[in-house]
Amino acid sequence: MKRTLAAVLVIGLAACGQEAPKPAAKASPTPAPATQPAPPPPAAKAPEAQKPDPNKELAARVKRAIEEGKLDGIDVTASEGKVTLWGTTQNAADRNRAATLAAKVDGVKSVDNNLKVVKGS
């Protein structure tokens with residue numbers, strides 16, 4: 001019987017030869033030192049700001065020059081330095097003056113005057 005008991009104890013000890021998992025370490029009771037908050041993770045790179053359209057900028061400058069010349073109701077488009085005037089004027093003098101004002105704006109290479117003379121416009 002002693003031999004049987006000894007054999008069971010040896011087998012039991014052999015089976016227990018593996019280490020039991022250790023309990024997780026407890027967090028330290030001292031608080032972490034105060035630090036600045038971590039910066040937010042970098043967001044996806046924002047798309048580059050679109051470069052202004054030089055044709056739209058030129059058209060806006062020409063329109064501003066015409067409006068400063070006290071002429072209203074004239075639309076302006078531009079393409080590669082060629083400016084086109086659209087709309088109506090009250091007389092031929094205003095039509096010609098609008099083209100002259102447009103031609104004086106820096107960057108204007110040519111003016112296509114599509115203004116129509118309409119009395120009372």
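Contact is taken here to mean heavy atoms within 4.5 Å. The structure is a predicted model, in which local features need pLDDT of at least 70 and side-chain atom pairs count only at pLDDT 80 or more, whereas totals for chains, interfaces and linings use all residues. Residues are numbered from 1 along each chain as its sequence is written, and side-chain values use heavy atoms, with hydrogens and water left out.

Thr84 lies in strand E2, residues 82-89, where strands (E, at least two residues) and helices (H or I, at least four) are DSSP runs numbered from the N terminus. When neighbours within four places in sequence are left aside, Thr84 is in contact with Asp75, Val76, Thr77, Asp112 and Asn114. Thr84 counts as buried because its relative accessibility is 10%, the term buried standing for under 20% relative accessible area, exposed for over 50% and partly exposed for values in between, with a 1.4 Å probe and protein chains only.

Asp94 is placed in helix H3, residues 92-103, and its relative accessibility of 18% means that Asp94 also counts as buried. Apart from residues up to four places away in sequence, Asp94 touches Leu71 and Thr89.

Helix H3 also meets helix H2 (residues 54-68), and the two axes, which are lines fitted to C-alpha atoms over the stretch in contact, come within 9 Å and cross at roughly 130°, with angles running from 0 to 180 degrees between N-to-C directions. H2 is therefore oblique to H3, since angles under 35 degrees count as roughly parallel, over 145 as roughly antiparallel, 65 to 115 as roughly perpendicular and the rest as oblique. In this pairing, Val62, Ala65 and Ile66 of H2 meet Ala98, Leu101 and Ala102 of H3.
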